[in-house]
Amino acid sequence: MRDDFQVFQEQKQRILKGGKTIRHKANEAQGKLFVRNRLAKLFDEGTIIEDNIFAEALDPSLPCDATITGIGKIDGKPVCFIAADSTVKAGSWGAKSVEKNIRLQEKAMSLKYPILYLIDSAGGRITDQLEVFPGRRHGGRIFYNQIQLSGVVPQITILFGPSPAGAAYVPAFSDLVIMIEGQSSAYLGSPRMVEMAIGEKVSMEDMGGAVMHCATSGLGDVLVQSEQEAIEACKAYLQLMPTNWEKKPPTAEAKPPIKGRSIEEIIPLSQNTPFDMYELIDQLIDEGSWFEYKKLFAKELITGFARMKGSVVGIIANQPKVKGGTLFIDSPDKAARFIMICNAYNIPLLYVADVPGYMIGSKVEQGGIIRHGAKMISALSEATVPIISLIARKCYGAGLYAMAGPAFGADIVLALPSAQIAIMGPEAAVNAVYAGKIAELPEEERADFISQKRQQYSENIDIYKLASQMIIDDVIGFDEVREQVTARFAYYETKQTYTLPKRNAVKPV
């Protein structure tokens, strides 16, 4: 064997092993896989082509400079990746690893392939800050590139460990963030730094843990219990996404919905009786195709991807079982983000409405519910994908606007026989209009008066009356929703939307 070839093999084998044995054992004790084992589980066997494997090869303590980059295939689809090796300098960014990040992003831009960020990192190396932090091709350029890639190719972050300080913005600029309970974290300042700076004592879980980010801050989109679940979630999401914005989402073999109660049985007769919207969604979508987005965040609104007769759709639905389906401050933020993802990647939107409107009161007003609510309506109004709005039950006040009512560009607004559309429900409306009159009436006459006025109000907002005025486009039977929606989406595939020319919109924030 030639000496130069033998040196090459030895060097490569050393690099492929990653960091010191003690670091590998520390990860194993935490139940964490070595980064190359993660990549092997994610990508199709034998498809990975790695870039710059010999970065920092002359320093035996820095194999790959703690970052592995390359391209492989996941279920046959080409995907770029950037993966931190936490056995080397805790996965931190050095000069070469930052450059590897940037080059891989530029490759994703050129090839228009999805990109994965597999994070398990201590962030930028403070000891090397002049080489990684302030310059044109330093850490900030990674985030700049993410923003340029936004809406061009799917960007997915899996947090296999920490993502601190500046690196915390990688998940913030991604389309989908998968976090592992008890293992993932993201924060601008560590608990120790927070205590030193502002005197607050807080645990890592409370400040930057996976559950907190998935349920409270909204940074996390999918919470899982293990690395294997994270890998499976990533694969499931990619199966629903096109390679880039110029492509359509991939289709699959159509499947019938899960067997269950009919939609007519699911929706109660009373407008105020809660029911589980998930049960209704199950009767619309192909069995086993549901991929929920931000399940633990703003649970009064459901957002998720699914297939209907094999085609991908995005579903936005109110959840009457949580806060009556009322929209709170976080609800529109969740919806707006989801709408933007669907619109970016040519995924049609189905709205399923059962909403009493936006929450009212001083607390939510001070929290900016008008400003937040405008985000949801703004994203809807800018969407160019096919949109169907289905009014399942009540749709009151600005809730009608938020749920793709007639004025906001839906291709069709359908209603079930159980639907009601109004500024407010009969109970609230009668009280608002006739409060003075009710107070003047003798006690024994009030109930009959209120009942009469509610009946009159209900007749005025009768769904067939709205259909006769072409306010809604059609009233459909409970048993024909899936057929109507899938048939209409098939017809609307060639939809084109023309908007006013402008440099950029000034959007609500």
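Author: Start with the classes. Ala, Val, Leu, Ile, Met, Phe, Trp, Tyr, Cys and Pro count as nonpolar. Asp, Glu, Lys and Arg count as charged. The others, Gly among them, count as polar. Keep in mind that this is a predicted model.

The largest pocket has a volume of about 1300 Å³. Its lining is made up of 45 residues. Closest to the centre are Ala336, Arg337, Met340, Ile341 and Lys507. By class, the lining holds 22 nonpolar residues, 13 polar ones and ten charged ones.

Next, the helices. Four of them each supply at least two lining residues: H6 (139–149), H7 (169–172), H14 (330–344) and H16 (369–382). Helix H14 gives the largest share, with nine residues.

Then turn to the nonpolar cores. The largest one has 75 residues. Inside this core, Leu116, Ile178 and Phe305 have the most contacts. Take Leu116 and skip its neighbours within four places in sequence. Leu116 then touches Leu42, Phe43, Ile74, Val79, Cys80, Phe81, Ile82, Ile156, Cys234 and Leu238. A second core is separate and has 29 residues, including Ile266, Met277, Ala306 and Leu350. In soluble globular proteins, nonpolar side chains tend to be buried together.

Last, the start of the chain. Helix H1 covers residues 3–16, which is 14 residues. From first C-alpha to last, H1 reaches 20 Å, close to the 20 Å expected at 1.5 Å a residue. Gly18 follows H1, and the phi of Gly18 is positive, near 75 degrees.

Technical notes:
Residues numbered from 1 in each chain as written. Predicted model: local features only at pLDDT ≥ 70, side-chain atom pairs only at ≥ 80, totals over all residues. Heavy atoms only, no water. Core = buried A, V, L, I, M, F, W, Y, C linked by side-chain atoms within 4.5 Å. Buried < 20%, exposed > 50% of the residue type's maximum accessible area, 1.4 Å probe, protein only. Contact = heavy atoms within 4.5 Å. 1 Å grid on protein atoms, 1.4 Å probe; cavity = no way out; pocket = protein on both sides within 12 Å on 5 of 7 lines; lining within 4 Å. Points joined across faces, edges and corners; volume = space filled by probe spheres on them. Helix = DSSP H or I, 4+ residues; strand = E, 2+ residues; numbered from the N terminus. Expected span 1.5 Å × (residues − 1).
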